[in-house]
Amino acid sequence: MHVPGRLAAILSLFLRVVAICLVAEIHAAEKPWMEREPLFAPEKWHNHASSVVETPKGGLLVCWFHGSGERNADDVVIRGSRKMHGSKQWSNAFLMADTPGFPDCNPVLFVDPGQNLWLFHVTILANSWESALLRYRVSSDYERAGSPRWKSNEVISLKPGPEFVGAIKEALPAMESYAAVARESLTAAEFKEVQNSLAAFHEGLTNKLFSRLGWMTRIHPLVLDGQRLLVPVYHDGYSCSLFAITDDWGGHWHTSAPLIGGGNVQPSVVRRKDGSLFTIMRDNGPPPNRAMVSESYDRGETWSKVVDSEIRNPGSSLEMASLRSGRWLLVGNDSEDNRKTLVVWGSDDEGRSWKWKRELAAPGPLGKSFSYPSLIQARDGSIHVTFSAFGEGESNIVHCRFNEPWLFE
């Protein structure tokens, strides 16, 4: 039966409202719960920057980088572990990706609408973040035990447009003025970061290679309308962010306008009901130490001025997600100067305020500091967070699972 366009739209909206109400009723009847488990026992190796996805068969797949250090250690590889649907145990760790002789860092997993698994990561060419080479692999055979079988291994070549140089020129005078007076108010380490960013901005005006290398992943991508893929990336030299965008699943890439706001890196992005995009970023810049935010009204091509939010941030990664109930979650460190605790915030107004907060991890048997969360909602409604846990010379990756009532009770 043919349904006129306007009537079909009204019917679709009605069904969405009914579905949301049913989900709300189910969650209202559900008892709050939360559980945590390490993926493996703490070890002397450096394990950091995990990413989690749910596979089409309902299992969980997690990856992270593993080695004797980070960018300065050439033995760093990307490892993975999985929990099959119905299983109570995580598998032994297995190798996901390795560029022999070079560090591989900051992996991000993503399952596209065609159920292909993507692994984004960076290979560090010269033991500095500014030498990062942005890469991805794709697999359609990843449900069995062990590592996915990769069918492609590609480099994302990014060429920031003229607006990137224009934005650097616009931001440069304010940065130079700040650097001239900041020495008295900042620690030596903080002032060195300001100097490094200033040097990077000058380098970026004349050195094309510097602006085309160094872009790194950290947070899950976002799919718009089943076709456009926005991959959040950032540059440690410029201490700014942008989005790598493809409309043909990696055939062609272009960059968004840059987001430059004084140390805003590692963007996490979600879509609001009105179609606009909202991103929240780690604060690597000068005080106040607050997560930084921006909005886009043209599908990620351009972004509003980067401003501070109310969320405290000690220069550590955050991730945000929109739940099927319409609520939003944000996971990060609620501090200006340390990573001792990891918390989750909840919002019922699409990130304009965060009225709920609960602690996910604090110093104790799991470790002494916790950071770099990865956040998803599974098809059964449960929420999953993986994060790095560090103790006395040891580290591991922890999985936390909870339901909405645990936070929104």
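A nonpolar core is a set of buried Ala, Val, Leu, Ile, Met, Phe, Trp, Tyr and Cys residues joined through side-chain atoms within 4.5 Å; buried means under 20% relative accessible area, exposed over 50%, and partly exposed in between, with a 1.4 Å probe and protein chains only. This is a predicted model, in which local features need pLDDT of at least 70 and side-chain atom pairs count only at pLDDT 80 or more, while totals for chains, interfaces and linings use all residues. Residues are numbered from 1 along each chain as its sequence is written, and side-chain values use heavy atoms, with hydrogens and water left out.

**Whole chain**

For 409 residues a compact globule would have a value near 22 Å, and the protein agrees, with 21 Å. Colouring by secondary structure shows 5 helices and 25 strands; these are DSSP runs numbered from the N terminus, with helices (H or I) of at least four residues and strands (E) of at least two. Buried residues make up 54% of the 409. The accessible surface, from the Shrake-Rupley method with a 1.4 Å probe, comes to about 18100 Å², and 53% of that surface belongs to carbon and sulfur atoms.

**The largest nonpolar core**

Next select Phe120, Leu158, Trp215, Tyr238 and Trp253, which touch the most other members of the 44-residue largest core. Elements giving two or more residues to this core include β6 (104–111), β7 (117–124), β8 (132–141), α2 (162–182) and α3 (188–206). The largest share, 6 residues, comes from α2. Centre the view on Leu158: beyond its neighbours within four places in sequence, Leu158 is in contact (heavy atoms within 4.5 Å) with Leu134, Arg212, Trp215, Val233, Ala244, Trp253 and Thr255. Another core, of 20 residues, lies apart from the largest one; Val344, Phe370, Val398 and Cys400 are among its members.

**Sheet β1-β25-β24-β23**

Now display the open antiparallel sheet of 4 strands in the order β1-β25-β24-β23; two strands pair if DSSP finds at least two bridges between them. β1 (34–38) and β23 (369–377) are at the edges with a single partner strand each, so one side of each has no neighbour in the sheet. Neighbouring strands here are turned by 20° against each other on average, direction ignored; the axes are lines fitted to C-alpha atoms. Between β24 (residues 383–390) and β25 (residues 395–402), 8 bridges join the antiparallel strands, and Thr386 has His399 in β25 as its bridge partner.

The loop between β24 and β25 holds Gly393, which is exposed with a relative accessible area of 53%. Gly393 touches Glu43 and Lys44, residues up to four places away in sequence not being counted. The C-alpha atoms of Gly393 and Glu43 are separated by 8.1 Å, although these residues are 350 apart along the chain.

**Sheet β2-β3-β4-β5**

Finish with a further open sheet of 4 strands, antiparallel and ordered β2-β3-β4-β5. Its edge strands, β2 (46–54) and β5 (94–97), each pair on one side only. Select β4 (residues 77–83) with β5 to see antiparallel pairing over 3 bridges; Arg79 has Leu95 in β5 as its bridge partner.

Conventions: Axes are lines fitted to C-alpha atoms, for helices over the stretch in contact, and angles run from 0 to 180 degrees between N-to-C directions. The radius of gyration is taken over C-alpha atoms; the globule rule is 2.2 Å times the number of residues to the power 0.38.
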